[in-house]
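Let's walk through this structure together, step by step. Have a look at the model first, and then we will read it piece by piece.

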Amino acid sequence: MASEGDEETSGQGAADAQAAGPAVDPKVAAAIAAAEAAGPADGESVRIDSWIWAVRLIKTRSLGATACKGGHVRVNGQNVKPSHTVRIGDEVRLRHEGRERVVIVTRLIRKRVGAPVAAACYVDNSPPPQPREAFAPAGIRDRGAGRPTKRDRRELERLRGLMGGGHPKGPGGQ
């Protein structure tokens with residue numbers, strides 16, 4: 001039988017484990033440890049184009065560099081070049097694919113890692129994406145309807161806004 005003193009210490013250990021945070025999958029924990037080992041040493045920094053690629057905000061590093069050059073990436077409110085260094089605690093804003101992502105850097109990594117590990121490298125403060133129902137599907141034809149006629153094609157182009165609603169050659173064109 002256990003004494004009262006043993007019960008108190010075992011209860012304390014459970015409270016310490018609970019205060020440490022939620023249980024992490026051992027595979028994810030191992031991957032996080034490997035990413036930290038491959039990351040920069042204390043006090044060092046990582047290029048912004050490399051970091052947004054490594055944490056899977058952008059599909060390729062060259063797309064990250066292009067986004068920086070195009071003014072779609074801001075760090076702490078400033079437009080940055082691809083070579084700008086990012087540090088822990090920086091706020092990164094990224095406009096990509098019609099959505100703005102706002103993240104706070106919590107861990108620096110250089111190599112691309114799996115999605116669960118990447119999610120542990122930042123805090124996502126992004127606004128929620130717009131629901132898909134907000135986008136009206138334009139130009140969807142019924143299956144088996146055949147090839148669109150010229151009239152159908154012009155109507156589809158008008159709906160998509162490609163032609164501006166007028167005749168392609170302008171008024172009085174031939």
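A residue counts as buried under 20% relative accessible area, as exposed over 50%, and as partly exposed in between (1.4 Å probe, protein chains only). This is a predicted model, in which local features need pLDDT of at least 70, side-chain atom pairs count only at pLDDT 80 or more, and totals for chains, interfaces and linings use all residues. Residues are numbered from 1 along each chain as its sequence is written, and side-chain values use heavy atoms, leaving out hydrogens and water.

Now to the salt bridges, where a side-chain nitrogen of Lys or Arg is within 4 Å of a carboxyl oxygen of Asp or Glu. The structure has seven of them. In one, Arg 47 joins Asp 49, with the closest N and O atoms 3.1 Å apart. Arg 47 is partly exposed at 34%, whereas Asp 49 is buried at 2%. These two are also linked with Arg 61 in a salt-bridge network.

Next, find helix 6 (residues 150-160), which holds both Glu 157 and Arg 153, four residues apart, or about one turn. Helices (H or I, at least four residues) and strands (E, at least two) are DSSP runs, numbered from the N terminus. The side chains of Glu 157 and Arg 153 form a salt bridge at 3.3 Å, N to O. Glu 157 is buried at 18%, while Arg 153 is partly exposed at 36%.

Finally, look for the open sheet of five strands, paired antiparallel in the order 3-2-5-6-7. Its edge strands, strand 3 (78-79) and strand 7 (122-124), each pair on one side only. Two strands pair if DSSP finds at least two bridges between them. Strand 2 (residues 73-75) pairs with strand 3 over two bridges, and Val 75 has Gln 78 in strand 3 as its bridge partner.
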